[in-house]
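Here is a short tour for anyone meeting this protein for the first time. Have a look at the sequence and the model, and then we'll walk through a few spots together.

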Amino acid sequence: MYHVRTLAPVASGAFYTAETFWTAAGVAVAVLMGGGAIWAALRASHPRRRLTYTTGHDPLVNQLVGGRLEIRRNGTLLTDPHLVRLVLTNPGRRDIPSSAFDRGQPFRVDLAVPYLEMVAAESEPSAAQPPPVSVLGSELSIGPGRIGSGTTITYLLLVDTVPSYHCRHSLLDVRVEQLPVPPARRVPRQLPLVRP
């Protein structure tokens, strides 16, 4: 007489009816939810802040002028005057506080020019107060000061030669990015920069 071995019984039915499957699925969901909660808490406690800036300049006189023309600013004769535009923007959802300026060090822009003078500072929205600025030699120092979310600050400076730009900062937890210069806007003919 021969003995026939029988195999162990196989569970019948779909895999998703097994108790082990649902236990494993519950554990996986709990781990994912816990990881998501930790990520949200870290993001809230360490918000991502951004600061973008652009630099550009235009000659103060765009056309050749016949005869002798002298341009002076506060008695200083300018030989090749240019108007510099520096634009800082906080495109993020969080303010950049004064405390983000490490050890109170300002955002610095060295223009490498022999003459530099601050002409104007404008902010958008207009109610936003731009950080304080100072000029020392060929360097513009900005801040420390709060730069609100969605705020754009434009600084206009007068220089006496074509500038170069070297920016330095010590902002903490702020990603600083230089953007390309936007195309120059045409100056209307009825508004000349220099009047006789």
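Let's start at Leu171. Leaving out residues up to four places away in sequence, Leu171 touches Leu51, Ala100, Phe101, Phe107 and Val176. Keep in mind that what you're looking at is a predicted model.

Leu171 also turns up in the largest nonpolar core, a group of 22 residues. Along with Leu171, the residues with the most contacts inside this core are Leu51, Leu86, Leu88, Phe107, Ile142 and Tyr155. Which elements give two or more residues to it? They are E1, strand E4 (82-89), strand E5 (107-110), strand E8 (139-142) and strand E9 (152-159). E9 provides the largest share, with 4 residues. There's also a second, separate core of 5 residues, and Leu60, Leu78, Tyr115 and Leu158 are among them. As a bit of background, nonpolar side chains tend to be buried together in soluble globular proteins.

Now step back to the whole chain. The protein has 1 helix and 11 strands, and reading from the N terminus the elements go α-β-β-β-β-β-β-β-β-β-β-β. Of its 196 residues, 29% are buried. The accessible surface comes to about 13900 Å², and 57% of that belongs to carbon and sulfur atoms. If you take the contacts between residues at least 6 apart in sequence, 83% of them join residues at least 24 apart.

| Strands | Sense | Bridges |
|---|---|---|
| E5 and E10 | antiparallel | 3 bridges |
| E1 and E4 | antiparallel | 8 bridges |
| E1 and E11 (residues 174-178) | parallel | 5 bridges |

Asp110 has His166 in E10 as its bridge partner, Tyr53 has Leu88 in E4, and Arg50 has Arg175 in E11.

Strand E1 (residues 49-59) is also where you'll find Arg49. Setting aside neighbours within four places in sequence, Arg49 is in contact with Arg94, Asp95, Ile96, Pro97, Asp173, Val174 and Arg175. The side chain of Arg49 reaches the backbone oxygen of Asp95 at 2.6 Å. Pro91 sits 42 residues from Arg49 along the chain, yet their C-alpha atoms are separated by 8.4 Å.

One last stop is Ser141, in strand E8. Is Ser141 buried or exposed? Ser141 has a relative accessible area of 12%, so it counts as buried. Apart from residues up to four places away in sequence, Ser141 touches Pro106, Phe107, Arg108, Pro132, Val133 and Ser134. Ser141 and Val109 are 32 residues apart in sequence, and their C-alpha atoms lie 6.6 Å apart in space.

Conventions. Residues are numbered from 1 along each chain as its sequence is written. This is a predicted model: local features need pLDDT of at least 70, side-chain atom pairs count only at pLDDT 80 or more; totals for chains, interfaces and linings use all residues. Side-chain values use heavy atoms; hydrogens and water are left out. Contact means heavy atoms within 4.5 Å. A polar contact is a pair of N or O atoms within 3.5 Å; within protein, one must be able to donate a hydrogen and the other to accept it, and residues adjacent in sequence count only if both atoms are side-chain atoms. Buried means under 20% relative accessible area, exposed over 50%, partly exposed in between (1.4 Å probe, protein chains only). Accessible areas come from the Shrake-Rupley method with a 1.4 Å probe; for residues, only the protein chains shown count as cover. A nonpolar core is a set of buried Ala, Val, Leu, Ile, Met, Phe, Trp, Tyr and Cys residues joined through side-chain atoms within 4.5 Å. Two strands pair if DSSP finds at least two bridges between them.
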